[in-house]
Each structure stands twice: as structure tokens, then as C-alpha cells.
Amino acid sequence: MDETAAPKKRTFETYDVTVEAAELLSPHNKHLRFRLPAGREIHFQAGQFVQMFIPLADGKERRTAYSIASSPRETGFFELCVTRVEGGESSTYLHGLKVGEAARCMGPLGTFKFVEDGRDSVFISTGSGIAPFRAMINDRLERGKADPMYLIFGNRFVEDILYRKEWEALALAHGNFKALFTLSRAAWDGPKGYVQAHIDDFVPDPSSKNYYVCGLQNMIESVRQKLETLGVPKERIRFERYD
Ligand SMILES: Cc1cc2nc3c(=O)[nH]c(=O)nc-3n(C[C@H](O)[C@H](O)[C@H](O)COP(=O)(O)OP(=O)(O)OC[C@H]3O[C@@H](n4cnc5c(N)ncnc54)[C@H](O)[C@@H]3O)c2cc1C
């Protein structure tokens with residue numbers, strides 16, 4: 001063995017992809033489907049992310065993380081759900097991509113994955129933090145998993161509820177999946193306020209569940225504090241921070 005050899009650096013696959021679909025889901029969120037070249041496949045676990053290569057104005061390139069929003073059963077393409085951040089170079093670039101245009105990326109990366117320990121699961125997100133849960137929940141339902149899953153999805157307005165029809169159809173088709181949408185700025189008949197306010201009335205026996213939380217830091221912190229008061233041990237709270 002060569003003891004002077006440098007430790008092996010992990011390399012990730014890079015992909016030249018083509019935009020196959022680009023659809024505005026809400027005023028600030030775009031759903032994008034990227035098709036891999038013929039003969040190539042991407043294998044990932046639900047919850048993981050890719051890094052998109054973002055060309056910058058000065059000719060350089062930046063890599064920015066986006067959770068894969070599609071099921072891992074689809075290996076010929078992957079989908080993203082991207083929030084346009086005012087003045088943000090990466091999200092503005094991705095929102096500007098048109099069907100047929102080329103892009104580059106690397107992945108899959110990340111350890112935000114489903115834990116198979118037999119416990120029921122609760123998914124909590126706001127905005128595009130829903131992306132990894134679209135992958136995880138579809139993955140489990142496609143594989144016929146019957147364990148209870150609860151989704152709590154917070155947004156400001158009705159039009160911000162990403163993939164609403166899909167969630168409603170899944171809840172109708174699968175008795176083990178339940179979704180709650182809560183709105184913080186809208187007058188509507190449904191649940192109101194922040195996600196953390198709904199955990200104990202929506203989730204039965206909340207301290208017994210596994211929790212997955214995804215979105216911006218403020219929300220994650222508020223949810224963690226709430227879960228602590230409900231007696232959920234830290235090791236059963238997994239999170240993916242976008243900022
Ligand atoms: C593991 C991981 C996965 C991610 N997955 C997604 C994803 O699936 N979809 C997605 O839209 N973003 C996702 N993000 C955030 C993404 O990487 C970028 O930070 C985001 O698109 C902003 O980049 P920008 O260059 O446009 O703006 P920048 O100029 O870099 O602005 C960054 C600021 O934008 C805010 N911000 C970052 N993400 C969001 C967001 N999603 N919604 C609202 N405000 C935000 C934060 O305050 C942050 O400080 C993920 C981040 C990580 C670390």
C-alpha cells in the first residue's frame with residue numbers, strides 16, 4: 001500500500017441535462033424537469049439534492065443545491081421546485097430556463113433521507129421546502145408502504161400551495177397519507193397561522209413519530225422548539241435547511 005497517497009476525494013457524477021418542462025406553479029415557484037442524455041441514469045434516494053451549475057455574469061460558475069422533487073423510480077429525469085429569490089443569481093437563472101435549453105449539474109448529494117424504523121412520519125415544510133417530501137412521499141406510496149404519513153405544509157396565500165392537487169389526490173387514494181395546508185396571510189376557511197401551531201391537533205400521539213422538516217432556518221427553529229415541548233427526542237427530528 002502506498003502510504004504517501006492522498007486520501008481519496010469523493011467525486012460525484014456530472015450530467016448535461018435538457019429542460020423538458022418548465023411550469024410556473026405559483027407567482028414565485030417554478031417546477032422544472034431535467035432530462036438526462038440517452039443512455040444515462042441518475043440514481044438517488046428520496047430526499048437527496050443535486051447541485052446545479054449556475055453561469056455567472058463574470059464568466060465564472062457557481063454550484064447551488066436544489067432538492068430533487070421527483071420520485072427516485074424515474075431515473076431518466078429529475079424534477080426541481082425553485083423559489084425565485086429577489087436578486088438571487090441561481091434562482092433567477094433557473095427561472096429563466098426554457099424548454100429545450102441545456103444545463104449542467106452534479107449529484108446526488110445529501111443525507112436527508114427517510115429512516116426505516118417502523119415509526120409513523122410527519123413531514124413539515126414551507127414554500128419550496130416541499131420538494132424533498134414530494135420525492136419521499138411519492139416514493140413510499142409507489143412502493144405500497146402503508147405506514148401513516150402526515151404532511152403539514154405552510155404558505156402565505158392559497159396560490160402558494162405547491163402541488164396542491166397532487167397532495168389532495170394522494171390523500172384521497174391512500175388512507176395512510178394525510179395533508180394539512182395552513183396559510184399565514186390569507187382569509188380562508190382552512191387552517192391558519194404557522195406550521196408549528198398545527199402539529200399537536202393534526203398528528204395523533206405526536207411524541208411517538210419521526211419528523212422531517214425542510215425550509216428556511218426560522219421555520220425549522222420554531223418547529224424544533226415546538227417539538228421539544230411535545231416531548232419529541234432530538235434524534236427523531238431530521239431537517240434540511242435552505243438558508
Ligand atoms: C440542501 C439544499 C437544498 C435546497 N433545495 C432547494 C429547493 O429545492 N428549492 C429552492 O428554491 N431552494 C433550495 N435551496 C436553496 C438554494 O440552494 C438557494 O439558496 C436559493 O435558490 C437562493 O439562491 P440565489 O442565488 O437565487 O439567491 P442568493 O442571492 O444566494 O440569496 C440567498 C438568500 O435567499 C433566501 N432563500 C434561499 N432559499 C430560499 C427559498 N427556497 N425560498 C425563499 N428564500 C430562500 C435565503 O434568505 C438566503 O439567504 C436549497 C438549499 C440547500 C442547502
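Modeller: Gladly! Two strands count as a pair if DSSP finds at least two bridges between them. Please keep in mind that this is a predicted model.

Colleague: How do you know that β7 and β10 pair?

Modeller: There are 5 bridges between strand β7 (residues 121-126) and β10, and at least two are needed, so the two strands count as a pair. They run parallel. For one place to look, find Ser-125, which stands opposite Cys-214 in β10.

Colleague: Which sheet do they belong to, and why are β9 and β11 said to stand at its edges?

Modeller: The order is β9-β8-β7-β10-β11, an open sheet of 5 strands with parallel pairing. β9 (177-183) and β11 (237-241) each have a single partner strand, so one side of each has no neighbour in the sheet. From one strand to the next, the twist averages 15 degrees.

Colleague: What is the order of the open sheet of 6 strands?

Modeller: That order is β4-β3-β6-β1-β2-β5, and the pairing is antiparallel. Its edge strands are β4 and β5, each of which pairs on one side only. Here the twist averages 40 degrees from one strand to the next.

Colleague: How do you know that β3 pairs with β6?

Modeller: Strand β3 (residues 49-55) is joined to strand β6 (residues 102-109) by 3 bridges. At least two are required, so this is a pair, and the strands run antiparallel. You can see Gln-51 opposite Met-106 in β6, while Phe-49 has Leu-109 of β6 as its bridge partner.

Colleague: And what joins β3 to β4?

Modeller: 7 bridges do, and these strands also run antiparallel. One of the contacts to look for is Pro-55 with its bridge partner Glu-61 in β4. The two strands form a hairpin with 5 residues between them. In the turn, Gly-59 has a positive phi of about 90 degrees.

Colleague: What makes β3 "mostly covered"?

Modeller: Of its 7 residues, 5 are buried. The word "buried" calls for 20 or more other C-beta atoms within 10 Å.

Colleague: Why is Tyr-163 called buried?

Modeller: Tyr-163 has 21 C-beta neighbours inside 10 Å and the cut-off is 20 or more, so it counts as buried. Tyr-163 is in the loop between β8 (149-155) and α3 (164-173). Its phi is near 60 degrees, a positive value in a residue other than glycine.

Colleague: Is Asp-205 buried or exposed?

Modeller: Asp-205 has 9 other C-beta atoms within 10 Å, and 12 or fewer means exposed, so that is its label. You will find Asp-205 in the loop between α4 (199-202) and β10 (210-215). Asp-205 also has a positive phi, about 45 degrees, although it is not a glycine.

Colleague: Then why is Arg-35 called partly exposed?

Modeller: The count for Arg-35 is 15 other C-beta atoms within 10 Å; buried needs 20 or more and exposed 12 or fewer, so Arg-35 falls in between. Arg-35 has its place in strand β2 (residues 29-35).

Colleague: What makes the span of α2 close to the expected one?

Modeller: Helix α2 (residues 131-142) has 12 residues and reaches 17 Å from its first C-alpha to its last. At 1.5 Å a residue, 16 Å is expected, and the two values are close. Among the buried residues of α2 are Phe-133, Met-136, Ile-137 and Arg-140. After the helix comes Gly-144, with a positive phi near 75 degrees.

Colleague: Which bond is cis, and where does it lie?

Modeller: The peptide bond from Gly-107 to Pro-108 is cis, with omega near -5 degrees. Pro-108 is found in strand β6.

Colleague: Finally, what surrounds the ligand?

Modeller: 22 residues do, and the closest are Ala-65, Gly-88, Ser-90, Ser-91 and Asp-243. By class, this shell has 9 nonpolar, 10 polar and 3 charged residues. β4 (61-67), β5 (77-83) and α1 (89-96) each supply at least two of the shell residues. At least three come from each of domain 1 (13-109) and domain 2 (121-241).

Conventions:
Residues numbered from 1 in each chain as written. Predicted model: local features only at pLDDT ≥ 70, side-chain atom pairs only at ≥ 80, totals over all residues. Helix = DSSP H or I, 4+ residues; strand = E, 2+ residues; numbered from the N terminus. Expected span 1.5 Å × (residues − 1). Near = placed C-beta within 6 Å. Nonpolar A, V, L, I, M, F, W, Y, C, P; charged D, E, K, R; others polar. Domains from an automatic or database assignment. Axes fitted to C-alpha atoms, helices over the stretch in contact; angles between N-to-C directions.
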